[in-house]
Amino acid sequence: MTTSLQHAPARTWTTGDFDFPLPPELIAQHPAPQRSASRLLDGRTRPPADRVFRELPALLAPGDLLVFNDTQVIKARLFGEKPTGGRLELLVERVLANGEVVAHMKVSKKPTPGTVLRMAVGANGQPGFTATLLGRWPDADGPLFRLRFSDDPYTLMARHGHVPLPPYIEHADTAEDERRYQTIFAKNPGAVAAPTAALHFDEGVLAALDARGVQRASVTLHVGAGTFQPVKVDDIRQHRMHSEWYRIPPETLAALERARRAGGRVLAVGTTTVRTLESWARTGATEGDTDIFITPGFDFRVVDLMITNFHLPRSTLMMLVSAFAGYEHIMALYRHAIEQRYRFFSYGDAMLLQRTG
(Lines give C-alpha, C1' and ligand atoms only; values in the text may rest on other atoms or scores of the structure.)
Protein backbone atom coordinates (compact mmCIF):
# COMPACT_ATOMS: atom_id res chain seq x y z
CA MET A 1 0.00 0.00 0.00
CA THR A 2 1.43 3.39 -0.92
CA THR A 3 0.62 6.70 0.66
CA SER A 4 0.82 9.95 -1.28
CA LEU A 5 2.19 12.93 0.62
CA GLN A 6 0.00 16.01 0.50
CA HIS A 7 1.97 19.29 0.48
CA ALA A 8 0.31 22.44 1.71
CA PRO A 9 0.17 25.16 -0.93
CA ALA A 10 2.74 27.94 -0.60
CA ARG A 11 1.48 30.87 1.41
CA THR A 12 0.36 33.93 -0.52
CA TRP A 13 1.86 36.88 1.31
CA THR A 14 -0.02 40.14 1.57
CA THR A 15 1.32 43.57 2.41
CA GLY A 16 -0.74 43.51 5.58
CA ASP A 17 1.29 40.53 6.83
CA PHE A 18 4.20 42.93 7.30
CA ASP A 19 2.30 45.59 9.19
CA PHE A 20 2.75 46.37 12.87
CA PRO A 21 1.69 49.19 15.22
CA LEU A 22 4.56 51.59 15.86
CA PRO A 23 4.34 54.37 18.45
CA PRO A 24 5.36 57.53 16.57
CA GLU A 25 7.67 58.64 19.38
CA LEU A 26 9.96 55.67 18.57
CA ILE A 27 10.80 57.12 15.14
CA ALA A 28 14.27 58.56 15.70
CA GLN A 29 14.54 62.19 14.63
CA HIS A 30 18.23 62.54 15.45
CA PRO A 31 21.16 60.11 15.65
CA ALA A 32 22.59 58.79 18.90
CA PRO A 33 25.24 61.12 20.41
CA GLN A 34 27.93 58.63 19.36
CA ARG A 35 27.59 56.30 16.38
CA SER A 36 28.48 53.10 18.24
CA ALA A 37 26.42 54.07 21.30
CA SER A 38 23.23 53.03 19.53
CA ARG A 39 21.56 49.85 20.73
CA LEU A 40 21.97 46.48 19.05
CA LEU A 41 19.31 43.81 19.30
CA ASP A 42 21.03 40.45 18.92
CA GLY A 43 18.35 38.49 17.12
CA ARG A 44 20.41 35.32 16.66
CA THR A 45 19.18 33.99 19.99
CA ARG A 46 15.74 33.27 21.40
CA PRO A 47 14.98 35.25 23.44
CA PRO A 48 17.03 38.03 21.84
CA ALA A 49 19.77 39.87 23.72
CA ASP A 50 19.78 43.63 24.25
CA ARG A 51 23.25 45.00 23.55
CA VAL A 52 25.12 48.15 22.55
CA PHE A 53 26.48 48.41 19.01
CA ARG A 54 30.12 48.71 20.10
CA GLU A 55 29.83 45.10 21.36
CA LEU A 56 29.53 43.83 17.77
CA PRO A 57 33.19 42.79 17.26
CA ALA A 58 33.00 40.38 20.22
CA LEU A 59 30.00 38.66 18.59
CA LEU A 60 31.97 37.76 15.47
CA ALA A 61 34.77 35.29 14.81
CA PRO A 62 38.20 35.63 13.19
CA GLY A 63 37.84 35.00 9.47
CA ASP A 64 34.30 36.36 9.25
CA LEU A 65 33.87 38.90 6.44
CA LEU A 66 31.92 42.14 6.83
CA VAL A 67 30.74 43.65 3.54
CA PHE A 68 29.81 47.35 3.57
CA ASN A 69 28.10 49.59 1.06
CA ASP A 70 30.53 52.46 0.40
CA THR A 71 28.06 54.69 -1.45
CA GLN A 72 28.09 58.38 -0.57
CA VAL A 73 24.90 60.35 -0.03
CA ILE A 74 24.73 63.39 -2.29
CA LYS A 75 22.94 66.63 -1.39
CA ALA A 76 20.23 65.65 -3.81
CA ARG A 77 17.35 67.87 -2.66
CA LEU A 78 17.20 71.12 -4.66
CA PHE A 79 14.71 73.97 -4.57
CA GLY A 80 13.79 76.29 -7.41
CA GLU A 81 11.03 77.85 -9.43
CA LYS A 82 9.40 77.78 -12.85
CA PRO A 83 9.58 80.82 -15.16
CA THR A 84 6.10 81.71 -13.88
CA GLY A 85 7.44 81.86 -10.32
CA GLY A 86 5.78 78.65 -9.16
CA ARG A 87 7.94 76.84 -6.64
CA LEU A 88 9.29 73.36 -7.17
CA GLU A 89 11.53 70.79 -5.56
CA LEU A 90 13.83 68.30 -7.25
CA LEU A 91 15.17 65.12 -5.70
CA VAL A 92 17.98 63.86 -7.91
CA GLU A 93 17.75 60.08 -8.29
CA ARG A 94 20.88 59.60 -10.40
CA VAL A 95 23.37 61.32 -12.67
CA LEU A 96 23.57 59.60 -16.05
CA ALA A 97 26.82 58.84 -17.87
CA ASN A 98 26.19 61.70 -20.30
CA GLY A 99 25.93 64.22 -17.45
CA GLU A 100 22.14 64.51 -17.56
CA VAL A 101 20.20 64.22 -14.33
CA VAL A 102 17.19 62.06 -13.49
CA ALA A 103 15.03 63.46 -10.70
CA HIS A 104 11.71 63.34 -8.90
CA MET A 105 9.84 66.65 -9.17
CA LYS A 106 7.42 68.10 -6.65
CA VAL A 107 5.47 70.96 -8.21
CA SER A 108 1.83 72.08 -8.47
CA LYS A 109 1.73 71.87 -12.29
CA LYS A 110 4.36 69.95 -14.23
CA PRO A 111 6.33 72.11 -16.70
CA THR A 112 6.71 71.06 -20.33
CA PRO A 113 9.93 69.84 -21.98
CA GLY A 114 12.21 72.72 -22.88
CA THR A 115 11.31 74.74 -19.80
CA VAL A 116 14.31 76.34 -18.09
CA LEU A 117 13.96 76.11 -14.32
CA ARG A 118 15.61 78.66 -12.02
CA MET A 119 17.26 76.76 -9.20
CA ALA A 120 18.65 77.87 -5.82
CA VAL A 121 17.32 81.41 -6.21
CA GLY A 122 19.12 83.79 -3.88
CA ALA A 123 17.89 86.78 -1.89
CA ASN A 124 18.81 88.99 -4.85
CA GLY A 125 16.41 87.04 -7.07
CA GLN A 126 19.18 85.48 -9.11
CA PRO A 127 19.38 81.68 -9.57
CA GLY A 128 22.42 79.74 -8.48
CA PHE A 129 22.05 77.67 -11.64
CA THR A 130 19.48 76.60 -14.20
CA ALA A 131 18.02 73.21 -15.10
CA THR A 132 16.51 72.54 -18.52
CA LEU A 133 13.72 69.96 -18.56
CA LEU A 134 14.35 67.45 -21.36
CA GLY A 135 11.51 65.00 -20.81
CA ARG A 136 10.41 61.98 -18.77
CA TRP A 137 12.52 58.99 -17.73
CA PRO A 138 13.05 56.09 -18.33
CA ASP A 139 10.57 56.56 -21.19
CA ALA A 140 8.04 59.10 -22.42
CA ASP A 141 5.58 58.04 -19.69
CA GLY A 142 8.15 57.45 -16.97
CA PRO A 143 7.63 58.69 -13.41
CA LEU A 144 10.92 60.63 -13.28
CA PHE A 145 12.19 63.70 -15.13
CA ARG A 146 15.36 64.08 -17.19
CA LEU A 147 17.15 67.42 -16.94
CA ARG A 148 20.37 69.14 -17.99
CA PHE A 149 22.01 71.37 -15.38
CA SER A 150 23.99 74.46 -16.37
CA ASP A 151 27.16 73.08 -14.78
CA ASP A 152 28.50 69.81 -13.37
CA PRO A 153 25.64 68.21 -11.35
CA TYR A 154 27.82 66.99 -8.49
CA THR A 155 29.41 70.44 -8.09
CA LEU A 156 26.04 72.17 -8.10
CA MET A 157 24.50 69.74 -5.62
CA ALA A 158 27.44 70.14 -3.26
CA ARG A 159 27.08 73.93 -3.45
CA HIS A 160 23.30 74.38 -3.48
CA GLY A 161 21.74 71.09 -2.41
CA HIS A 162 20.26 69.84 0.84
CA VAL A 163 20.71 66.51 2.59
CA PRO A 164 17.83 64.29 1.35
CA LEU A 165 16.51 63.27 4.75
CA PRO A 166 13.78 60.60 4.73
CA PRO A 167 10.16 61.76 4.76
CA TYR A 168 9.61 60.63 8.36
CA ILE A 169 12.36 62.94 9.70
CA GLU A 170 10.52 66.14 10.44
CA HIS A 171 13.26 68.78 10.70
CA ALA A 172 15.08 70.57 7.89
CA ASP A 173 18.60 69.35 7.25
CA THR A 174 21.35 70.76 9.46
CA ALA A 175 25.13 70.60 9.71
CA GLU A 176 24.67 67.60 12.02
CA ASP A 177 22.70 65.78 9.32
CA GLU A 178 25.36 66.53 6.73
CA ARG A 179 27.88 64.79 8.96
CA ARG A 180 25.81 61.99 10.50
CA TYR A 181 23.57 60.97 7.57
CA GLN A 182 26.73 59.61 5.97
CA THR A 183 28.90 56.60 6.81
CA ILE A 184 32.51 57.13 7.80
CA PHE A 185 33.69 55.12 4.78
CA ALA A 186 31.46 56.71 2.12
CA LYS A 187 33.50 57.35 -1.03
CA ASN A 188 31.41 56.83 -4.19
CA PRO A 189 28.82 59.62 -4.60
CA GLY A 190 25.40 58.73 -5.94
CA ALA A 191 22.98 57.77 -3.14
CA VAL A 192 19.90 59.76 -2.15
CA ALA A 193 19.44 57.73 1.04
CA ALA A 194 22.07 56.46 3.44
CA PRO A 195 22.84 52.76 3.91
CA THR A 196 21.68 53.26 7.46
CA ALA A 197 22.90 50.03 9.07
CA ALA A 198 26.43 51.28 8.46
CA LEU A 199 25.85 54.59 10.26
CA HIS A 200 26.64 52.87 13.58
CA PHE A 201 30.26 52.11 12.71
CA ASP A 202 32.99 54.40 13.98
CA GLU A 203 36.78 54.16 14.05
CA GLY A 204 36.72 52.41 17.43
CA VAL A 205 34.46 49.62 16.16
CA LEU A 206 36.54 49.20 12.99
CA ALA A 207 39.73 48.97 15.05
CA ALA A 208 38.16 46.34 17.31
CA LEU A 209 37.04 44.34 14.26
CA ASP A 210 40.57 44.41 12.88
CA ALA A 211 41.99 43.30 16.23
CA ARG A 212 39.48 40.46 16.31
CA GLY A 213 40.64 39.22 12.89
CA VAL A 214 37.35 40.07 11.16
CA GLN A 215 37.89 40.91 7.50
CA ARG A 216 36.30 43.80 5.64
CA ALA A 217 35.26 44.42 2.03
CA SER A 218 32.91 46.78 0.22
CA VAL A 219 30.37 47.01 -2.58
CA THR A 220 28.63 50.05 -4.01
CA LEU A 221 24.87 50.36 -4.40
CA HIS A 222 23.50 53.85 -4.93
CA VAL A 223 20.39 53.85 -2.77
CA GLY A 224 17.45 55.49 -4.54
CA ALA A 225 14.38 57.25 -3.21
CA GLY A 226 12.44 54.13 -4.15
CA THR A 227 13.65 52.59 -0.89
CA PHE A 228 10.90 54.66 0.80
CA GLN A 229 8.28 53.78 -1.83
CA PRO A 230 5.20 52.24 -0.21
CA VAL A 231 3.86 48.91 -1.40
CA LYS A 232 0.47 49.84 -2.86
CA VAL A 233 -0.80 46.36 -3.77
CA ASP A 234 -2.19 43.76 -1.40
CA ASP A 235 -0.63 40.73 -3.09
CA ILE A 236 3.12 41.41 -2.82
CA ARG A 237 3.78 39.38 -5.99
CA GLN A 238 2.26 42.27 -7.94
CA HIS A 239 4.63 44.89 -6.52
CA ARG A 240 7.08 46.40 -8.98
CA MET A 241 10.44 46.88 -7.31
CA HIS A 242 12.50 50.01 -7.95
CA SER A 243 15.87 49.70 -9.69
CA GLU A 244 19.26 50.72 -8.28
CA TRP A 245 22.79 50.67 -9.69
CA TYR A 246 25.47 48.51 -8.03
CA ARG A 247 29.07 47.43 -8.47
CA ILE A 248 31.16 44.72 -6.81
CA PRO A 249 34.93 45.29 -7.21
CA PRO A 250 37.30 42.38 -7.97
CA GLU A 251 38.94 42.62 -4.54
CA THR A 252 35.58 42.00 -2.87
CA LEU A 253 34.97 38.92 -5.02
CA ALA A 254 38.40 37.66 -3.93
CA ALA A 255 37.58 38.36 -0.26
CA LEU A 256 34.32 36.43 -0.55
CA GLU A 257 36.18 33.47 -2.02
CA ARG A 258 38.82 33.55 0.73
CA ALA A 259 36.16 33.68 3.43
CA ARG A 260 34.33 30.70 1.95
CA ARG A 261 37.50 28.64 1.67
CA ALA A 262 38.42 29.43 5.27
CA GLY A 263 34.95 28.64 6.61
CA GLY A 264 34.22 32.26 7.54
CA ARG A 265 30.76 33.74 7.53
CA VAL A 266 29.66 36.59 5.28
CA LEU A 267 28.01 39.42 7.21
CA ALA A 268 26.20 41.99 5.07
CA VAL A 269 25.98 45.45 6.59
CA GLY A 270 22.52 46.56 5.54
CA THR A 271 19.81 45.44 3.17
CA THR A 272 21.50 47.25 0.25
CA THR A 273 24.55 45.03 0.63
CA VAL A 274 22.31 41.96 0.80
CA ARG A 275 20.55 42.98 -2.42
CA THR A 276 23.89 43.60 -4.15
CA LEU A 277 25.48 40.28 -3.19
CA GLU A 278 22.39 38.20 -3.88
CA SER A 279 21.88 39.94 -7.25
CA TRP A 280 25.42 39.00 -8.24
CA ALA A 281 24.86 35.41 -7.06
CA ARG A 282 21.93 35.07 -9.46
CA THR A 283 23.20 36.91 -12.53
CA GLY A 284 26.99 36.78 -12.29
CA ALA A 285 26.98 40.50 -13.13
CA THR A 286 29.39 42.53 -11.02
CA GLU A 287 27.96 45.86 -12.23
CA GLY A 288 24.57 47.07 -13.41
CA ASP A 289 21.03 47.76 -12.26
CA THR A 290 19.14 45.47 -9.93
CA ASP A 291 15.44 45.34 -9.10
CA ILE A 292 15.73 42.16 -7.04
CA PHE A 293 12.72 41.73 -4.73
CA ILE A 294 13.47 39.50 -1.76
CA THR A 295 10.42 38.00 -0.04
CA PRO A 296 9.83 34.93 2.17
CA GLY A 297 10.87 31.77 0.36
CA PHE A 298 13.91 33.42 -1.20
CA ASP A 299 17.02 31.20 -1.46
CA PHE A 300 19.99 33.15 -0.08
CA ARG A 301 23.26 32.07 -1.65
CA VAL A 302 25.87 34.43 -0.18
CA VAL A 303 24.87 36.14 3.06
CA ASP A 304 24.99 34.33 6.41
CA LEU A 305 24.50 37.23 8.83
CA MET A 306 23.03 40.70 8.47
CA ILE A 307 23.14 43.96 10.39
CA THR A 308 20.10 46.10 9.74
CA ASN A 309 18.06 48.90 11.24
CA PHE A 310 14.35 48.65 12.09
CA HIS A 311 12.21 49.22 9.01
CA LEU A 312 8.88 50.78 8.09
CA PRO A 313 5.71 48.71 8.42
CA ARG A 314 4.44 47.21 5.16
CA SER A 315 7.76 47.91 3.40
CA THR A 316 9.83 45.79 1.02
CA LEU A 317 12.61 45.88 3.63
CA MET A 318 10.33 44.20 6.18
CA MET A 319 9.74 41.52 3.56
CA LEU A 320 13.49 41.13 3.00
CA VAL A 321 14.42 40.67 6.66
CA SER A 322 11.48 38.28 7.10
CA ALA A 323 12.82 36.21 4.23
CA PHE A 324 16.26 36.19 5.81
CA ALA A 325 15.55 35.43 9.48
CA GLY A 326 12.03 33.96 9.33
CA TYR A 327 8.73 35.79 9.38
CA GLU A 328 7.54 34.78 12.85
CA HIS A 329 10.96 35.48 14.35
CA ILE A 330 11.14 38.94 12.80
CA MET A 331 7.68 39.88 14.02
CA ALA A 332 8.64 38.71 17.51
CA LEU A 333 11.84 40.77 17.37
CA TYR A 334 9.88 43.86 16.38
CA ARG A 335 7.44 43.34 19.25
CA HIS A 336 10.41 43.06 21.63
CA ALA A 337 12.03 46.18 20.16
CA ILE A 338 8.85 48.20 20.64
CA GLU A 339 8.40 46.95 24.20
CA GLN A 340 12.02 47.83 25.00
CA ARG A 341 11.72 51.26 23.36
CA TYR A 342 14.28 50.79 20.62
CA ARG A 343 14.63 53.68 18.19
CA PHE A 344 13.35 53.04 14.66
CA PHE A 345 14.27 53.85 11.05
CA SER A 346 17.26 55.69 9.60
CA TYR A 347 18.62 57.34 12.76
CA GLY A 348 17.48 54.46 14.96
CA ASP A 349 19.06 51.38 16.47
CA ALA A 350 20.25 48.18 14.81
CA MET A 351 19.82 44.43 15.01
CA LEU A 352 21.97 41.43 14.15
CA LEU A 353 20.24 38.62 12.26
CA GLN A 354 21.21 35.12 11.26
CA ARG A 355 19.93 33.43 8.13
CA THR A 356 17.42 30.63 8.67
CA GLY A 357 18.03 27.34 6.90
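Strands β5 and β6 form a hairpin with 5 residues between them, and Gly85 in its turn has a positive phi of about 100°. The model is predicted, so that local features rest on a pLDDT of at least 70 and side-chain atom pairs on a pLDDT of 80 or more, whereas totals for chains, interfaces and linings use all residues. Residues are numbered from 1 along each chain as its sequence is written, and side-chain values use heavy atoms, with hydrogens and water left out. Strands (E, at least two residues) and helices (H or I, at least four residues) are DSSP runs, numbered from the N terminus.

Strand β5 (residues 77–81) pairs with β6 in the antiparallel sense over 5 bridges, pairing being assigned where DSSP finds at least two bridges between two strands. Within this pairing, Gly80 stands opposite Leu88 in β6. On β6 there is also an antiparallel pairing with strand β7 (residues 101–107), to which β6 is joined by 7 bridges, and here Leu90 stands opposite Met105 in β7. The hairpin of β6 and β7 has 5 residues between the strands, and Gly99 in this hairpin takes a positive phi near 90°. Strand β6 (residues 87–95) is mostly covered, with 7 of its 9 residues buried; buried denotes under 20% relative accessible area, exposed over 50% and partly exposed the range in between, for a 1.4 Å probe and protein chains only. A further hairpin is formed by β1 and β2, with 6 residues between them; these strands pair in the antiparallel sense over 4 bridges, and Ala49 in β2 is the bridge partner of Asp42.

Helix α8 has 13 residues, which should span 18 Å at 1.5 Å a residue, and its end C-alpha atoms are 19 Å apart, in agreement with that value; the expected span is 1.5 Å times one less than the number of residues. The buried residues of α8 are Tyr327, His329, Ile330, Met331, Leu333, Tyr334, His336, Ala337 and Ile338. Their cover includes β1 (39–42), β2 (49–52), β16, α7 and β17 (350–354), where contact requires heavy atoms within 4.5 Å. The helix is followed by Arg341, whose phi is positive, near 65°. Helix α6 also has 13 residues, and it reaches 18 Å from its first C-alpha to its last, close to the 18 Å expected at 1.5 Å a residue. In α6, the residues Thr271, Thr272, Thr273, Val274, Arg275, Thr276, Leu277, Glu278 and Ser279 are buried, and just after the helix Gly284 takes a positive phi of about 80°.

The largest nonpolar core has 63 residues, of which Leu277, Ile330 and Phe344 touch the most other members; such a core is a set of buried Ala, Val, Leu, Ile, Met, Phe, Trp, Tyr and Cys residues joined through side-chain atoms within 4.5 Å. Two or more residues are given to this core by each of β3 (65–69), β12 (215–221), α5 (250–262), β14 (266–269), α6 (271–283), α7, α8 and β17. Apart from this core lies another, of 23 residues, among them Ile74, Leu91, Phe129 and Leu156. When residues up to four places away in sequence are not counted, Phe344 touches Phe20, Leu22, Leu26, Ile27, Ala28, Phe310, His311, Tyr334, Ala337 and Ile338.

The structure holds 19 aromatic pairs, defined for rings of Phe, Tyr and Trp (its six-membered ring) with centres within 6.5 Å, and classed as stacked where the planes are under 30 degrees apart, edge-to-face where over 60 and tilted for the rest. Phe310 and Tyr334 form an edge-to-face pair, at 5.4 Å centre to centre and with 75° between the planes. Because Phe310 lies in the loop between β16 (305–309) and α7 (316–325) and Tyr334 in helix α8 (residues 327–339), the pair ties together parts that are 24 residues apart in sequence.
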